[in-house]
Amino acid sequence: MQKPKNNCIYFDYNATAPMREAVKSACISAFDAIGNPSSVHQAGRKARQMVEEARAAVAVSVNVAPVQVIFTSGGTESNNTALSAIKANEVFVSAIEHDSIIQAAIDKRIVPVDESGVVRLDALKRSLKEVKPPFIVSLMLANNETGVIQPVEEAADIVHQAGGVIHCDAVQAYGKVAVDFAALKVDLMTLSAHKIGGPKGVGALIAREGLPLVPFLTGGGQERNRRAGTENVPAIAGFGVLADSIEDILQESAALKGLRDRLEKGLGLKVYGQNMDRLPNTSCLAGDVPAETRLMQLDLKGVAVSSGSACSSGKVTASHVLLAMGINEQEAACAIRVSLGWANGEEEVDEFMEIWKEV
Ligand code: PLP
């Protein structure tokens, strides 16, 4: 495995991951496919073939048919699309969803989580009794800050019994734990390529066959009238190569658990959601100084980690995920997220622990 040239200890994979060499090569060769995939001439057909090969690979990686894969510009667009695609009187989202769900749902009801960061299915069941279909529920598969895995399949049963539609944001789970659309029993699912070494700015919305969808972007008839706009062929080609190696990526991710556990044991800090079913690469650590201070100290020593979700770092606010778990604002503002990935090794973990002790 060729490692990226890095002059820092990069432990921020849940924000984004370095691109894999095979993905990079696929993107670069696809830049030479000059045609528009919608054009009927040879150049167009070549680009179309790249898109369809990638679609087939992405479909296999989550156990669906190619027709169920709608390419988008990433997790944010897929999440926004999911919530606007279904005609619903009510939108329910868990309290720990990513901002691309929380902000996209204007009039929403929040489903609480328990102190371990797991959605409360009893609360979901109770709130669904108060509404009539059509409604949509959005529940992520794995949380981006704690890595805690959610009971999506059970939630899907509850939602379907009540006559609603369920969407699952699987952005952080994809490639870190097995993601099987049919087994999750959801109607819609979001994927993004860049968290596991794919290109940034490409993802997919997976839809149950026959589910009527209102497109979020309108214009051309691309993606079977479900997402207008000329396809990002190089990024889609890279996503396809990534999806093709999903089994190897899953094995590699499983092996990260050993490194992550070594780090947690070595530091001996409180870990949020520690005893729950969690992503093998993620550790949300309790700190004793404001996270922004710790981030800067670590950055000066060449270490890249994150405070809560990357999209909200820069703002000095406590993580809504930790607050939802009942952690007080002061404690939540000190939490540090360490997320490992494909290019990390044991030496880096040991070096990180030394640096942590120094700062
Ligand atoms: N959903 C989750 C859980 C995420 O962690 C992220 C990115 O941090 C997104 C959605 C957004 O994905 P993208 O960066 O592809 O827009």
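Where in the chain is D187 found? Select D187 and you'll land in the loop between α7 (181–184) and β7 (188–192). Helices (H or I, at least four residues) and strands (E, at least two) are DSSP runs, numbered from the N terminus.

Before going on, some ground rules: you're looking at a predicted model, where local features need pLDDT of at least 70, side-chain atom pairs count only at pLDDT 80 or more, and totals for chains, interfaces and linings use all residues. Residues are numbered from 1 along each chain as its sequence is written, and side-chain values use heavy atoms, with hydrogens and water left out.

**Stop 1: around D187**

Next, pick the backbone nitrogen of I166, which lies 2.8 Å from a polar atom of the D187 side chain. Leaving out residues up to four places away in sequence, D187 also touches others, including H160, F181 and L211 (contact means heavy atoms within 4.5 Å).

**Stop 2: helix α6**

Select residues 152–161 for helix α6, then color its buried residues: V152, A155, A156, I158 and V159. They sit on the same side of α6 because they cover an arc of only 165° around the axis, taken from the directions from the helix axis to the C-beta atoms. Among the elements covering them are α5 (121–128), β5 (135–138), β6 (165–169) and α7. Just after α6, click on G163, which takes a positive phi of about 90°.

**Stop 3: the ligand**

Finally, center on the ligand. It is surrounded by 15 residues, with T76, D169, Q172, S192 and K195 the closest (near means a heavy atom within 4 Å).

- T76: a polar side-chain atom lies 2.6 Å from a ligand oxygen.
- D169: a side-chain N or O atom is 2.6 Å from a ligand nitrogen.
- H194: a side-chain N or O atom is 2.8 Å from a ligand oxygen.

Taken alone the ligand exposes 390 Å², and the protein buries 90% of that (Shrake-Rupley method, 1.4 Å probe). To finish, highlight helix α3 (residues 75–85), which gives the largest share of the shell, three residues.

Technical notes: A polar contact is a pair of N or O atoms within 3.5 Å; within protein, one must be able to donate a hydrogen and the other to accept it, and residues adjacent in sequence count only if both atoms are side-chain atoms. Buried means under 20% relative accessible area, exposed over 50%, partly exposed in between (1.4 Å probe, protein chains only).
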